[in-house]
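Please walk me through this protein chain, from the confidence of the model to the details of its sheet and side chains.

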Amino acid sequence: MTDFSASSALPAAAGAPLTPCSHAAAASPWTLSTLAELGLGQAMQVHSVRAPVHAPEWADWLAEIGFLPGEAVKILSRGLPGGDPLVVRIGQSTFALRRAEAACIQVQAPQGPEATHG
């Protein structure tokens, strides 16, 4: 996978506001949260990606840069003021995501071998 270090090239949908994904987490045996909700350095695993209604192409863009189920993910830093953008580590790549994009990525505690190798 190509490392686009430090910045994603995710264009905003033409004329669409940058609003977080408005969806409820699916019921599961573990607690899901979004990438936007994580604390700095908290190691998690991608569970799923759900694009907002106004920008369905975000799901494909996020998948193309590595936000796939099972991938290790954590937030390295947040921009000031306001915490936007987020510097995110996914696998071995680092990207800058807007909070609205990060809110589309559901994460869970690491499962399987990744849980012990964090």
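**Confidence and layout**

Over the chain, the mean pLDDT is 78, and 69% of the residues reach 70 or more.

This is a predicted model, in which local features need pLDDT of at least 70 and side-chain atom pairs count only at pLDDT 80 or more, while totals for chains, interfaces and linings use all residues. Residues are numbered from 1 along each chain as its sequence is written, and side-chain values use heavy atoms, with hydrogens and water left out.

The chain contains three helices and six strands; these are DSSP runs numbered from the N terminus, helices being H or I with at least four residues and strands E with at least two. Read from the N terminus, the order of elements is β-β-α-β-β-β-α-β-α. Among contacts between residues at least 6 apart in sequence, 72% join residues at least 24 apart.

**The sheet**

The six strands form an open sheet in the order E1-E6-E2-E3-E4-E5, with antiparallel pairing. Its edge strands are E1 (33–34) and E5 (93–97), each of which pairs on one side only. Two strands count as paired if DSSP finds at least two bridges between them.

**Ser 48 in strand E2**

Ser 48 belongs to strand E2. Its relative accessibility is 15%, so Ser 48 counts as buried (under 20% relative accessible area; exposed is over 50% and partly exposed in between, with a 1.4 Å probe and protein chains only).

Which side chains does Ser 48 join through polar contacts? One is His 47, at 3.2 Å, and another is Gln 106, at 2.7 Å. A polar contact is a pair of N or O atoms within 3.5 Å; within protein, one must be able to donate a hydrogen and the other to accept it, and residues adjacent in sequence count only if both atoms are side-chain atoms. Leaving aside residues up to four places away in sequence, Ser 48 touches Cys 104, Ile 105 and Gln 106.

**The aromatic pair**

A search of the whole structure finds one aromatic pair. The ring centres of Phe 67 and Phe 95 are 6.4 Å apart and their planes are at 50°, so the pair is tilted. Rings of Phe, Tyr and Trp (its six-membered ring) pair if their centres lie within 6.5 Å; planes under 30 degrees apart count as stacked, over 60 as edge-to-face and the rest as tilted.

Phe 67 sits in the loop between helix H1 (57–64) and E3, and Phe 95 in strand E5, so the pair ties together parts that are 28 residues apart in sequence. Phe 67 counts as buried because its relative accessibility is 1%. Phe 95 is buried too, at 0%.

Definitions and conventions: pLDDT = per-residue confidence, 0-100. Contact = heavy atoms within 4.5 Å.
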